[in-house]
Amino acid sequence: MSLQQPKVGFVSLGCPKALVDSERILTQLKVEGYDLVQTYDDADVVVVNTCGFIDSAVAESLDTIGEALAENGKVIVTGCLGKRADLIRQAHPGVLSISGPQDYQSVMEAVHTALPPKHDPFLDLLPDYGLKLTPHHFAYLKISEGCNHRCTFCIIPSMRGDLVSRPVDEVLREAEKLVRGGVKELLVVSQDTSAYGVDVKYAPKLWRTGMYETRMKALCEGLSELGVWTRLHYVYPYPHVDDVIPLMADGKLLPYLDIPFQHASPRILKLMKRPGAVDKTLERIHNWRNICPELTLRSTFIVGFPGETEQEFEDLLDFLDEAQLDRVGAFAYSPVTGAKANDLPNPVPEGVKQERLARFMQRQADISATKLEAKVGSVQTCIVDAIDGELAIARSKADAPEIDGLVQIQDGREAGLRPGEFVQVRIMGSDEHDLYGEVEYNA
């Protein structure tokens with residue numbers, strides 16, 4: 001590309017859903033002839049895609065904007081924190097433009113104003129799936145925007161709006177393009193995957209030679225035809241989730257569900273405005289595992305929510321013992337500006353929150369260590385993410401990138417493994433988070 005091409009720097013913060021937004025903006029920039037660069041010094045203008053979900057994310061976004069302004073001087077801000085433009089302007093009055101999440105047009109207009117494009121269609125060819133910020137072999141597939149829930153600890157609906165589902169044929173075509181481009185693992189993301197299609201009354205659409213409803217099961221059936229790993233994230237434990245478990249048992253979907261349970265006390269769940277039928281949730285988990293014994297369940301929880309008593313926290317620990325979840329993340333409750341939970345009485349003292357968090361994580365670490373130890377001696381199908389010295393760093397079907405554990409293949413380099421390759425691994429050891437093994441044979 002010519003040295004005269006306009007150059008854009010890009011910083012992407014936040015969750016996988018924000019990462020998909022970044023990929024779409026970067027794809028449009030590339031289509032219009034912009035050169036994408038890695039440093040502030042090389043850029044003519046910098047775009048920062050922000051996160052504003054919790055206070056620490058707000059602080060990180062504001063710090064990043066300040067750094068970009070100090071190092072470059074021309075900064076365009078977009079993303080979730082863009083919904084709080086006054087806060088950004090107060091901290092950084094020199095930014096060129098501020099827009100909210102998914103507002104790709106505003107970002108491009110701001111870039112055009114600061115840096116008119118110089119497009120050469122003979123030089124600026126792109127794959128038909130656009131630019132990706134993930135490694136070549138996996139990709140996030142965002143199926144909807146926004147959320148209809150009003151959880152009291154969350155401000156995402158105020159940033160991203162109510163649920164808007166993408167047409168199922170559009171999603172399936174995007175997935176098809178990604179697979180043609182070499183993607184071997186699709187990670188389905190949204191704010192509430194189990195609600196997919198409710199806003200469009202599950203409208204049917206034509207893809208390939210069949211009709212598919214805009215609903216989770218039909219989407220999964222379509223994705224299963226592509227012959228790659230498909231992993232479901234951010235699924236609420238509603239009864240219709242039962243419908244996708246047989247697809248996992250039949251090998252059509254990865255036997256993996258990411259379900260943010262958040263707590264196990266019915267009273268706390270009610271205060272959170274979350275589904276609160278804990279006994280039915282446990283029954284559902286047991287039924288799922290009867291249908292698909294290989295099922296991996298990951299979840300997130302909040303400890304120290306306002307009003308949480310010691311007994312309710314003990315109920316949460318009992319839930320962990322009963323549910324025997326495979327992968328768990330937890331957070332001590334932190335007030336988020338604008339969240340309804342801030343107004344609840346009886347906040348839990350910070351010291352108590354941290355003590356409960358430590359107890360929670362120790363209880364789950366013991367569960368995780370036991371479950372992983374049970375895999376020693378087995379052979380696991382893994383996908384290689386990277387080569388590190390003599391090791392191949394891989395993931396099993398039970399491990400999503402960046403949030404779950406790893407499989408360290410001791411003889412990975414010797415075996416000639418490459419990122420994106422599937423391999424059968426004999427598991428030789430384990431700890432609280434990861435597995436260790438050697439190549440059994442390449443898949």
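In what order do the strands of the open sheet run, and is their pairing parallel or antiparallel?

**View 1. An open sheet of 5 strands, with parallel pairing.** This is a predicted model. The strand order is β2-β1-β3-β4-β5. Two strands lie at the edges: β2 (35-37) and β5 (97-98). Each of these edge strands pairs on one side only.

**View 2. Strands β3 and β4 pair in the parallel sense.** Strand β3 covers residues 45-50, and strand β4 covers residues 75-79. Their pairing runs over 5 bridges. Val 48 stands opposite Val 77 of β4.

**View 3. Pro 6 lies in the segment before β1 (7-12).** Pro 6 is buried because its relative accessibility is 5%, where buried means under 20%. Pro 116 is 110 residues away from Pro 6 along the chain. The C-alpha atoms of these two prolines are separated by 7.6 Å.

**View 4. A patch of negative charge on the surface.** Six residues gather here: Asp 41, Asp 42, Glu 60, Asp 63, Glu 67 and Glu 71. Asp 63 belongs to helix α2 (residues 55-71). Is Asp 63 buried or exposed? Its relative accessible area is 57%, so Asp 63 counts as exposed, the cut-off being over 50%.

**View 5. Thr 337 sits in the loop between β15 (327-332) and α12 (350-373).** Thr 337 has a relative accessible area of 43% and is therefore partly exposed. Ala 68 is 269 residues from Thr 337 along the chain. The C-alpha atoms of Thr 337 and Ala 68 are separated by 24 Å.

**View 6. Glu 145 and Lys 142 meet in a salt bridge.** Side chains of opposite charge can pair when their charged atoms come close. Here the N to O distance is 2.9 Å. Are the two partners buried or exposed? Glu 145 is buried, at 13% relative accessibility. Lys 142 is buried too, with a relative accessible area of 1%.

**View 7. Glu 185 forms a salt bridge with Arg 231.** The closest N and O atoms are 2.9 Å apart. This pair links distant parts of the chain, 46 residues apart. Glu 185 is in strand β9 (residues 185-189), and Arg 231 is in strand β12 (residues 229-232). Both Glu 185 and Arg 231 are buried.

**View 8. Arg 267 forms a salt bridge with Glu 312.** The closest N and O atoms of the pair are 2.7 Å apart. Glu 312 counts as buried, at 9% relative accessibility.

**View 9. A network of salt bridges links Glu and Arg residues.** Its members are Glu 308, Glu 310, Glu 314, Glu 355, Arg 356 and Arg 359. How many salt bridges does a search of the whole structure find? The search finds 29.

Technical notes
Residues are numbered from 1 along each chain as its sequence is written. This is a predicted model: local features need pLDDT of at least 70, side-chain atom pairs count only at pLDDT 80 or more; totals for chains, interfaces and linings use all residues. Side-chain values use heavy atoms; hydrogens and water are left out. Patches are made of residues with over 30% relative accessible area and no salt bridge: like charges are joined within 9 Å, nonpolar side chains (Val, Leu, Ile, Met, Phe, Trp, Tyr) within 5 Å. Accessible areas come from the Shrake-Rupley method with a 1.4 Å probe; for residues, only the protein chains shown count as cover. A salt bridge is a side-chain nitrogen of Lys or Arg within 4 Å of a carboxyl oxygen of Asp or Glu. Lys and Arg count as positive and Asp and Glu as negative; His and the chain ends are not counted. The place of a charge is taken as NZ of Lys, CZ of Arg, CG of Asp or CD of Glu. Helices (H or I, at least four residues) and strands (E, at least two) are DSSP runs, numbered from the N terminus. Buried means under 20% relative accessible area, exposed over 50%, partly exposed in between (1.4 Å probe, protein chains only). Two strands pair if DSSP finds at least two bridges between them.
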